[in-house]
Amino acid sequence: MFAQISDPIGAGFIANVARPGGNITGFSNFEASIGSKWIELLKETAPGVMRGAILFNPETAPYVGRYYQGPFEAAARSLGVQPSASPVRSGAEIASALAALQGEPPGGLIVMPDTFNIVHRQQIIELAARHRVPAIYPYGFAVREGGLISYGVDPVDLFRRAAGYVDRVLKGAKAAELPMQAPVKFELLINLKTANALALKIPQTLLATADDVIE
């Protein structure tokens, strides 16, 4: 049973959504289309952004290119934003990627769901602030630690739903016959203190729909 996989088909965990096959099923944590939502949020928050980069480690998050990058790039171009990928494998490369987004034309960052980025989140948050780069994160804890905005799955809801599947398997259901489930509940968190430091005025429409606003 899995509950935190971005691309279970591409990663080879299951054969298809309806009938996973093998001896595993579970819950994906993000759909590919969320890549477009992240860049839309970035542009809505920082309308002046003309360049948008996705940050990820290709060794710990090889799924980014095949799963998120296409929707991200298509949405970015439709918004007049030049999309790019920033693959990083070290703290030094993170520093170079953030520095490259500073200046003209204005750049923004999408921090991809990636264990590498989670481990290095404090460095990313601090560099985004130093270089005055607006950044969108997939996890709420990054915003509580100083990040600008996050939009992603509610992990409590995901594990609560997964518990129901575990119960069914323990009672004799075959994992191969239980359809993989997509996330249904998402959270939007906004850090107003960080927004003010970046001289960004968050639209009231976003503030009204946010699950948590940190002041």
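1. Helices (H or I, at least four residues) and strands (E, at least two) are DSSP runs, numbered from the N terminus. This is a predicted model, in which local features need pLDDT of at least 70 and side-chain atom pairs count only at pLDDT 80 or more, while totals for chains, interfaces and linings use all residues. Residues are numbered from 1 along each chain as its sequence is written, and side-chain values use heavy atoms, with hydrogens and water left out.

2. Thr45 lies in helix α1 and is buried, with a relative accessible area of 2% (buried means under 20% relative accessible area, exposed over 50%, and partly exposed in between, with a 1.4 Å probe and protein chains only). The side chain of Thr45 reaches the backbone oxygen of Leu41 at 2.8 Å. If neighbours within four places in sequence are left aside, the residues in contact with Thr45 are Leu148, Ile149, Leu200, Lys201, Ile202 and Leu206, where contact means heavy atoms within 4.5 Å.

3. The sheet is open and has seven strands in the order β4-β3-β5-β6-β7-β8-β9, with mixed pairing; two strands pair if DSSP finds at least two bridges between them. Its edge strands are β4 and β9 (212-214), each of which pairs on one side only. From one strand to the next the twist averages 20 degrees.

4. In β3 (51-56), six of the six residues are buried. Arg51, Ala53 and Leu55 point one way from this strand, whereas Gly52, Ile54 and Phe56 point the other way. In a regular strand the side chains alternate between the two faces of the sheet.

5. Helix α1 (residues 34-45) lies across β5, β6, β7 and β8 (186-191), running at about 160 degrees to β7, and helix α3 (residues 69-78) lies across β3, β4 and β5, running at about 145 degrees to β4. Axes are lines fitted to C-alpha atoms, for helices over the stretch in contact, and angles run from 0 to 180 degrees between N-to-C directions.

6. In helix α6 (residues 121-130), the buried residues include Ile124, Ile125, Leu127 and Ala128. Among the elements that cover the buried residues of α6 are β3, α4 (91-100), β5 (107-111) and α7 (140-144). Just after α6, Arg132 takes a positive phi of about 55 degrees.

7. A search of the whole structure finds five aromatic pairs; rings of Phe, Tyr and Trp (its six-membered ring) pair if their centres lie within 6.5 Å, and planes under 30 degrees apart count as stacked, over 60 as edge-to-face and the rest as tilted. Tyr63 and Tyr68 form an edge-to-face pair, at 6.3 Å centre to centre and 75 degrees between the planes, and both are buried. The rings of Tyr139 and Phe141 have centres 5.3 Å apart and planes at 10 degrees, so that pair is stacked; Phe141, at 34% relative accessibility, counts as partly exposed. Ring pairs also link Trp38, Tyr63, Tyr67 and Tyr68 into a cluster.

Methods: Polar contact = N/O pair within 3.5 Å; in protein donor to acceptor, adjacent residues only side chain to side chain.
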